Amino acid sequence: MWVAWGTRWPQMGVPRPATVLIGARGLHSSLSVPKKQTKTRTSATRKDTVVKTPRKEKRRAKDKNKTQSSATKAETKLDDDADTDAKSDEKQKRATTKDTGSARTNSNTRATSFLFGDEAQKARVVRLEMCEKEAEHGLRFGTLSSSDVRIKPVKPLRPMEVATLAHGLDRVLFNPGIHWLRDKRTGIYNFDPHLRSVLDVDLFDYSALPPYLTSSRDPELLEITKKQKMKYCGSTSSMTGLLSHCYFLLSRWKEPEMGGFSPSFSDMSSGFSEGAKLPVSIKLQYQPGGFYAVDADKGSDGETDNTNYVLTSLGKSLEKFLTASPQEYAKYERVNSWKLTEKERTQKEAYHYAKTDRFLLRSQLDCQDPRLPNKTFDLKTRAVVSIRNDRANYAEGSGYQIQHARGLWESFEREYWDMVRAAFLKYNFQVRIGHMDGIFVAYHNTAQIFGFQYISLEEMNMRLFGSNEMGDMAYHMSLGLLERILDTATECIPNETLSITMETRPGSGSMSVIVEASSSPQVLQLDIEMDRYVNEALVRGPVDLAQFHGPKSASQLEDMLHGRHEDDLSKLDWHVDYCITPRHDLSEDQVHANLKDIRQRQRAMRTLCLPNVAMLNEREAYRIEVLGKRPDALKRFLEEREDGTAIGMPLAPGQHTTRELIEKQNTIPLDEAPKKVPTTPVRWLRYPDMTVKRVRELSRQGHDKHQQETKTTAFQKPKVYQSKRQAHT
């Protein structure tokens, strides 16, 4: 909560209020709210409690607020279901920013309140005593806390060989902050100059890398699951989306702490990104041993297929780029991959395994350094905003440059801001599943690398949860809740493969899970509701443990964020009362209609802006020219384009296929009949939004600057930083 608080916590000796409301506008007690103001609203699916302020109180508060400054206004409305007025919050944020000179954005626009005693009893949504009376209807209910979930490492079946960073990049691990690859002002390289240029996404031979194995196709994972007698097994790629939605429900959408950024970010959205909030779909694959493997559902309408081809493929290439010598990496280029030995081609990935009471978890280990506390860490290649927001236009977007440390555009600060909102929660769960230390980030535009940063697990905890303690609790409870949801699904439809779609709607306090059977038309909806408690207090709004002992000033929150001061939160008991209700009252048509509505939200990622087709054709022609030096490499590339192995991005209107360009250039003879290239149906937008317009403008400027720079430095040897001692030697 990065705002100036207008009201102090009651002094020692003053009775604690029954309700304390904490929000972007201050703090107040609800003791003055009469009991008759509490109204219970009942629907077919849930019970909820709404506390409203009478009209006279609202009018009195409105008159009072006219005489107060906007930075010290107190919240006068407590509504459990409705979000705080967004316009008022924006005014408050701007007022705070104007006064302090920096962006202290409070992402939790909804207020957090703590209810005690009789008020807490009356405001409950989940009443366990009532659930017990209706247990025969298949309800699964109970209390869940982090102490209920134990996580233990599991010994792998073979020794694991984990890669290490090359090119002297290991020094980034022990020096916080951004490390520029090349100093913009002096042109001096801080690392090996060859790191600047990124190999084109389709000139790398991905078939030379170990194939990715889904949970149901990994023989080692399945064997360990049998030995450990687990009911479920899954990998980080299939688990993190599920865990994210469990966390959204458990915390009631506690959003990241976005303090400490430049004032230009004060008007930006500060909650989780739309991509992070998308519903998630999985396949729960039933195995002969009587257990289930969790796979990402590639056949669901929610998957983006090849609309994310460049980012997912380039990530694999850059991971090898950062951990291999230039000579070793060159072998993985399409024109050189024939030089790879059988040992290099068949080398297996390294994994870490862990288990809970029901789950066996697998995490791929990208890199290691024995000097780190947890030894291993994840490699993340982060594309700039022009690529992420305009994926189909990646050829033109590769001109976008990072030229500044701070600022809204062309800065490392912008990339970090977006990463906190869109990826930190996923990264946090991946690091925890693999018992890793943090993530190593390389910032790039698909053509150039600009810099590097190491982000520890503790730093991600502070941004996401406000404390390490809450981060630990959130991970354990998310796993526990997921186990209980899958148990309910497999009890309702036992002993067969299931398609499961999960969604916690933004701002809501409940979750919907739709379960489809694979061998029958049976379909079922599960509704999950819960009450959240911190110690004896019932929490209304987002769960924020750091606020339980009272509000924090902006400086105190900054100290907590940077680890200079931490409240003792280990003694706080965050737990939930939950109820998982199979909706047998809904017909199959009603459930399918709800699923169709979710699918429409999942398809949001399939909307792309019409790209610069001329630059895309030019890029494909360049690939054909390079690969044409080895006709067998070009022929295999065409085969992979057409069979979907190297599918590429969806073809935009007017864009040529690879076969058409080869025929035009007459590079190799083509005897076979043209094949239909598989692609994902997308919705093309003719008119981009303001963000896409801006990044396209900056990308074009970046291309012009890069061409000028190339002309002036074409015959100059790159200058690399050396200390005086190194230079003397």
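Strands β21 (residues 510–517) and β22 run antiparallel and are joined by seven bridges, where strands count as paired if DSSP finds at least two bridges between them. Strands here are DSSP runs (E, at least two residues), and helices are runs of H or I with at least four, numbered from the N terminus. This is a predicted model, with local features needing pLDDT of at least 70 and side-chain atom pairs counting only at pLDDT 80 or more, while totals for chains, interfaces and linings use all residues. Residues are numbered from 1 along each chain as its sequence is written, and side-chain values use heavy atoms, leaving out hydrogens and water.

Here's how β22 pairs up:

| Partner of β22 | Sense | Bridges |
|---|---|---|
| β21 (residues 510–517) | antiparallel | seven |
| β23 (residues 537–540) | antiparallel | three |
| β24 (residues 574–582) | antiparallel | nine |

On the β21 side, L524 is the bridge partner of V515, and five residues sit between the two strands of that hairpin. Y533 stands opposite L538 in β23 and also has H575 as its bridge partner in β24. The β22–β23 hairpin has two residues between its strands, and N535 in the turn has a positive phi of about 55°.

So how enclosed is β22 (residues 523–534)? Largely, because 12 of its 12 residues are buried, meaning under 20% relative accessible area with a 1.4 Å probe, protein chains only. V523, Q525, D527, E529, D531 and Y533 point one way, with L524, L526, I528, M530, R532 and V534 pointing the other.

Notes: Buried means under 20% relative accessible area, exposed over 50%, partly exposed in between (1.4 Å probe, protein chains only).
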